[in-house]
Amino acid sequence: MTMSQIGKGIPSYRFPPVTGRARWFRSPSDVIEAIDSDLEATIALVESGGTTFLSPILGRLGGIVARDGTLRSHLAIVSREFEVPCLVGTELVEVPDDGAELTLQVQDGDLGLVSLSSAGAPAATAAPPAREDVSERWWAYVRRVGDDIGVKDFDVDVSPADLEALIAEPLTDERLDDLVQHMGRAFKPEMTRRSSFTSELFPMLPYMSLSVIDDFHTYAQRVAVIDAAMPAEEIGRRLRTAPGQVSPLWIWMAGYHYLCGRECLIRTGRLRPDERTEEVRTVVDFWRRLTLAHRGDGTLDNKDAGFTNRYLPAEAVTSLSAATQRLDADAAKALKRLNATVAGYSFLYFTDSRVGIYDSGPYVQPDGRHTIVRDYLSLGPSTFDYPWARELRPPFTGLTLVLTYDPAAFSSFEINDWGTTFTEPDQLLGAVTDAAVVGHTADGQQRVLDPGEWAQLTADLSRSHLAVYQQFADMDREQRIFSATRMYTSGLRPFADVAGVTDGVDWSFSPDTLALYPDPFDDDDEAAAIFGTALVANDMPGAFSPTRTA
């Protein structure tokens, strides 16, 4: 008897080799039919990494091979508890028929092998192309409802070829609605979890409402110009090669803020849910392709990826990690001071919002430690062309902080969809053992700063902070509202810049937006009521209305 290797997967735990007969389970009726059978010598083959499907027989099986799933999939978790040998995310070069003799074994701890016995085994057939199967499972994931904060296991293994095929798929009416509902279910709980919508300097609810409404009025036309010059997916690929190029939060906002504006108009009776569907398709599809290409793993949100975003390529992370230095007490203190200073400055620069700060990672180091790459974007004049930044002259146009720590320091770790890290216990920087500060210059160069330079950089940025603060302090209420509105409505500028069409896009406010000021959006309470009712205090499962009527 000879054995031939026909597949590789991820073992749910380290188990000794096990041999049994293959049996495909493709529907609940297959499971019910097997309930009274002796299954100790049965290797179950399934498509999905979910547990519920096999649950009536799972603990009695000799082994499991799932073509989908990860170590966080329910099937992997429960099979470990039952001590049933299991491989998830399995790639089969041949598909064994029922009755084929299979052997599952673990190699080097993290690789599982599927081997087929040639003696007395039914002939194996060539594996079908995975493309159609991946597409079906990806869209099934989009349609699935998550938990009370919108979390659901991303259980689709997306290869680079699969990713390109997903990006190329047309966004049909049905899929557009599926995607909008997925986004709404992800967004609504994030709104309920955020801290507040208050600012002593900026009338936050008026400017947030005006900005997202203006996005709805203008984004379809702006996106069409950008996408024609360079497809969204190419922009995404170019922006994922190194840190400091764009905040993934601006990518996220391109779709979500637009839909927030749509919802505010629907809730005020200025738009029907089934109106301007082609414009919605244009913007949401641009966001979808941009996001998939930039993230690179098939996920659309940090929440999809277990509250992570590891978009940077391995070589970029390796280079950044090589620049880190072990922190002594003085350096650790200087780093905390610099981080706090630039964070405060960035919030002010972006009119009391977090959109200039983004954490990506955590990236796993060879020694088991983790690294967060924290980008501070746009510290001076930039592609956003904010009037208050034009005369600023900070030492660097942006900063990247490389922060390495022992993950055992935290019982929980989350980077939410806005790129903000939350840990338990809190104070990430208190656990950082090694760090680097990288300065970005206007000509595209980067320089690693010595810890001895961090204090001076802190002082320089404090001066820039005061300069910006004075400009905002001199403004009246209306000027502050429209400065902050300008901040958010410039969100497509980084992508227009990459596509080379910044001057070909009309960046002015829509007259339809301006018609909503001062009535109703100069009134804080009325703006809060409109924004909150539209996106949170509604009777829908998510934040966004369907694009199709029943």
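Mentor: One term before we start: buried means under 20% relative accessible area, exposed means over 50%, and partly exposed is in between. Also keep in mind that this is a predicted model.

Trainee: What does the side chain of Glu453 meet in a salt bridge?
Mentor: The side chain of Arg447, at 3.1 Å from N to O. Arg447 is partly exposed too, with a relative accessible area of 38%.

Trainee: How many salt bridges does the count come to?
Mentor: The count is 30 salt bridges. One of them joins the side chains of Arg326 and Asp434, at 2.9 Å from N to O.

Trainee: Where do Arg326 and Asp434 lie?
Mentor: Arg326 is in strand E10, residues 325-326. Asp434 is in strand E16, residues 432-440. They are 108 residues apart in sequence, so the pair ties together separate parts of the chain.

Trainee: And Arg326, buried or exposed?
Mentor: Exposed, because its relative accessibility is 60%. Asp434 has 7%, so Asp434 counts as buried.

Trainee: Which other salt bridge does Asp434 form, with Arg369 in mind?
Mentor: The side chains of Arg369 and Asp434 meet at 2.5 Å, N to O. That pair links distant parts of the chain, 65 residues apart. Arg369 sits in the loop between strand E11 (357-364) and strand E12 (370-376). Arg369 has 22% relative accessibility, so it counts as partly exposed.

Trainee: Which residues are linked in a network of salt bridges?
Mentor: Asp227, Glu233, Asp285, Arg288 and Arg289.

Trainee: New topic. What about the barrel?
Mentor: It is closed and has 7 strands, in the order E1-E5-E4-E3-E2-E7-E8. The pairing is mixed. From one strand to the next, the twist averages 40 degrees.

Trainee: In which sense do E2 and E3 pair?
Mentor: Parallel, over 4 bridges. E2 covers residues 18-24 and E3 covers residues 42-46. Ala22 stands opposite Ile43 in E3.

Trainee: On to rings. How many aromatic pairs are there?
Mentor: The count is 28. Trp138 and Trp139 form an edge-to-face pair, with 4.9 Å centre to centre and 85 degrees between the planes. Both of these Trp residues, Trp138 and Trp139, are buried.

Trainee: Why is the pair of Tyr207 and Tyr488 tilted?
Mentor: Their planes are at 40 degrees, so the pair is tilted, with the centres 5.8 Å apart. The cut-offs are under 30 degrees for stacked and over 60 for edge-to-face, and the rest are tilted.

Trainee: Where are Tyr207 and Tyr488 in the chain?
Mentor: Tyr207 is in helix H6, residues 204-229. Tyr488 is in helix H13, residues 477-489. The pair links distant parts of the chain, 281 residues apart. Tyr207 and Tyr488 are both buried.

Trainee: Which residues do ring pairs link into a cluster?
Mentor: The cluster includes Phe202, Trp250, Tyr345, Tyr349 and Phe350. Phe384, Tyr386, Trp388 and Phe472 belong to it as well.

Trainee: Last one. Which ring does the charged end of Lys152 sit over?
Mentor: The ring of Tyr141, 4.7 Å from its centre. The charged end of Arg486 sits over the ring of Phe509, 4.2 Å from that ring's centre.

Terms used: Residues are numbered from 1 along each chain as its sequence is written. This is a predicted model: local features need pLDDT of at least 70, side-chain atom pairs count only at pLDDT 80 or more; totals for chains, interfaces and linings use all residues. Side-chain values use heavy atoms; hydrogens and water are left out. Two strands pair if DSSP finds at least two bridges between them. Helices (H or I, at least four residues) and strands (E, at least two) are DSSP runs, numbered from the N terminus. Axes are lines fitted to C-alpha atoms, for helices over the stretch in contact, and angles run from 0 to 180 degrees between N-to-C directions. Rings of Phe, Tyr and Trp (its six-membered ring) pair if their centres lie within 6.5 Å; planes under 30 degrees apart count as stacked, over 60 as edge-to-face and the rest as tilted. Buried means under 20% relative accessible area, exposed over 50%, partly exposed in between (1.4 Å probe, protein chains only). A charge sits over a ring if NZ of Lys or CZ of Arg is within 6 Å of the ring centre and within 35 degrees of the ring normal. A salt bridge is a side-chain nitrogen of Lys or Arg within 4 Å of a carboxyl oxygen of Asp or Glu.
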